[in-house]
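Reader: Could you walk me through this structure, with a few questions along the way?
Author: Gladly; here it is to look at together.

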2 protein chains.
Amino acid sequence: MEAKRKLGAAIPDVPSSGTSPSPVAPGTGVGSLAPPAMEPVNPRLPIAPQIYERLRRAITTLLVLPSEALSEKELSLQLGVSRTPVREALIRLADEGLVDILPQRGSFVAPIRLRDVEEAQFIRESLEVAVACRLAGHCSPRFLSELRLNLARQESAVAERDRDLFLELDEAFHRGLCEEAGLSKSWRVIQSVKLQMDRVRYLSLPEPGHLDVLLAQHRQITSAIESGDSDEAGRHMSAHLKEVLGSANLLRQKLAHLIEK
Amino acid sequence: MEAKRKLGAAIPDVPSSGTSPSPVAPGTGVGSLAPPAMEPVNPRLPIAPQIYERLRRAITTLLVLPSEALSEKELSLQLGVSRTPVREALIRLADEGLVDILPQRGSFVAPIRLRDVEEAQFIRESLEVAVACRLAGHCSPRFLSELRLNLARQESAVAERDRDLFLELDEAFHRGLCEEAGLSKSWRVIQSVKLQMDRVRYLSLPEPGHLDVLLAQHRQITSAIESGDSDEAGRHMSAHLKEVLGSANLLRQKLAHLIEK
DNA sequence: TTTTGTACTCTACCATGGTAGGATGTCAAT
DNA sequence: ATTGACATCCTACCATGGTAGAGTACAAAA
């Protein structure tokens with residue numbers, strides 16, 4: 001049974017040596033200008049979520065750029081599926097603000113709207129501050145040790161300049177707080193609005209001291225939660241999340257061609 | 001050939017006027033096994049959103065009860081459309097937690113999960129408290145007068161015991177705060193999670209003094225915002241939103257057959 | 001040169017048929 | 001009487017064809 005997938009691994013599934021040999025060699029130009037060259041889907045699993053995941057990744061990593069067209073037909077051809085699951089994926093992406101669907105005209109990668117990024121930051125901060133406040137002094141020892149382990153791994157990631165690993169651990173850190181508080185739906189909301197910030201974040205160059213600052217803030221948040229100081233936990237979380245957006249302002253001029261408004 | 005409906009229905013239905021009085025008495029239950037009997041769609045407008053809207057209303061007003069089956073085929077027959085837009089509507093409702101889609105088994109109205117209702121309340125409160133804090137002292141005079149007008153209309157609605165009108169004005173009140181703060185996406189999130197609370201709220205019988213309490217809280221919030229007292233605005237908003245959920249606990253026993261966990 | 005009408009192209013959108021898999025009822029075997 | 005296998009039904013899911021509408025390019029008229 002290859003359909004069983006454990007939850008918790010942030011690594012996307014790799015259909016390693018898929019059952020069906022793709023008739024189209026990816027990257028060799030099937031006739032389009034700049035194909036995203038995404039991996040083919042696994043036909044044994046529900047297709048629509050796979051399409052969604054691939055498109056989401058392609059958009060947040062700027063593999064496809066804002067205002068680029070996302071044709072149902074073209075995508076279905078490239079991915080070797082019909083238009084229906086592609087359409088379902090596009091609808092969901094449109095719900096999350098990553099795609100603009102213009103009826104009878106086409107679907108396009110949404111521009112980076114600074115307004116939306118700032119509001120996403122507002123929503124995330126509002127929720128996570130409340131999560132931190134609620135969590136302060138109500139953690140299981142088991143969870144606190146997990147948190148400390150995560151922080152230790154963050155430290156080694158910083159030491160090794162492994163930015164991708166750090167971002168992964170960062171995500172696990174914040175998700176863990178929500179789940180320990182029994183607020184899984186809140187994390188879903190955060191994740192949804194965070195997509196708007198991810199594109200900007202992906203562009204922020206690895207400034208040397210930045211990760212150290214973030215790690216230090218993670219430690220402060222953890223300490224405040226552990227000691228049960230609700231206000232302090234909220235303050236540190238607020239400062240931490242403001243830090244993330246700070247990099248966006250630095251990019252404003254540099255990315256004028258990608259940003260709207 | 002159900003596609004040949006081009007010239008038939010030129011009658012413009014009223015999509016979201018909101019004031020359509022539902023003839024369903026909340027306490028008596030729907031009683032019969034009668035089908036939802038929803039209005040037919042307008043084929044000139046995009047169909048899928050119309051289906052979504054009708055189903056959302058039917059679920060939040062308990063016209064269809066939890067764990068009831070929502071078959072794509074059956075709904076498409078009842079509404080006179082194909083299964084595709086029905087499916088798209090169901091997917092969106094599943095995203096919002098009002099429908100459970102079990103692959104290859106069926107789609108069902110989600111049970112009222114008290115956990116989810118409480119978390120929806122948490123999310124809403126976190127966001128709206130932050131909105132109120134941000135808004136305090138930063139309102140245009142024009143908006144404040146609008147707010148006062150809304151409060152006056154609320155007062156007359158309370159005087160006339162018009163609960164539906166009050167709920168409508170209540171929604172406009174909270175939405176207005178978000179929009180004045182330039183946080184339209186936040187309102188979308190609030191609206192999305194509020195769906196979980198709406199089913200419970202729809203069941204709360206009209207206790208005589210309840211609307212007066214809510215109105216008084218609206219006034220307190222407005223005053224705090226007007227005077228620029230951020231903390232006070234947040235506190236009043238928090239108390240106000242906690243009040244809404246309070247009725248849920250009263251219903252816990254009464255609705256055990258509708259509520260899960 | 002500017003404006004307008006028109007044919008064409010491309011798109012999302014919907015209808016509809018086919019398919020795989022879970023659920024259930026029936027019947028035989030123990 | 002209980003249990004197991006099997007046949008049937010029903011479901012979501014996907015593939016695919018058709019349709020109307022918005023953009024666009026070009027030609028004709030002012």
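**Charges, rings and the interface**

Author: Let's begin inside chain A, where A:Arg92 lies over the face of A:Tyr52, 4.1 Å from the ring centre. By the rule used, a charge sits over a ring if NZ of Lys or CZ of Arg is within 6 Å of the ring centre and within 35 degrees of the ring normal. This is a predicted model: local features need pLDDT of at least 70, side-chain atom pairs count only at pLDDT 80 or more, and totals for chains, interfaces and linings use all residues. Side-chain values use heavy atoms, leaving out hydrogens and water, residues are numbered from 1 along each chain as its sequence is written, and chains are lettered from A and ligands numbered from 1 in the order in which they are written.

Reader: Which residue of chain B lies over the face of B:Tyr52?
Author: Look for the charge placed over that ring in chain B. At 4.0 Å from the ring centre of B:Tyr52 sits B:Arg92.

Reader: How many residues of chain A are in contact with chain B?
Author: Contact here means heavy atoms within 4.5 Å. On the side of chain B, 21 residues take part, and chain A brings 21 residues.

Reader: How much area do chain A and chain B bury between them?
Author: Buried area is the accessible area (1.4 Å probe) that two parts lose on being put together, summed over both. Of this area, 59% is on carbon and sulfur atoms, and the total is about 1,900 Å².

Reader: Which residue of chain B forms a salt bridge with A:Arg87?
Author: A salt bridge needs a side-chain nitrogen of Lys or Arg within 4 Å of a carboxyl oxygen of Asp or Glu. The interface has two of them. With its closest N and O atoms 2.6 Å apart, the partner of A:Arg87 is B:Glu88.

Reader: Which parts of chain A does the pair of A:Arg113 and A:Asp100 tie together?
Author: Their side chains meet in a salt bridge, 2.7 Å from N to O. Because the two residues lie in separate strands, the pair ties together parts 13 residues apart in sequence: strand E3 (residues 112-113) and strand E1 (residues 99-102).

Note on methods. Helix = DSSP H or I, 4+ residues; strand = E, 2+ residues; numbered from the N terminus.
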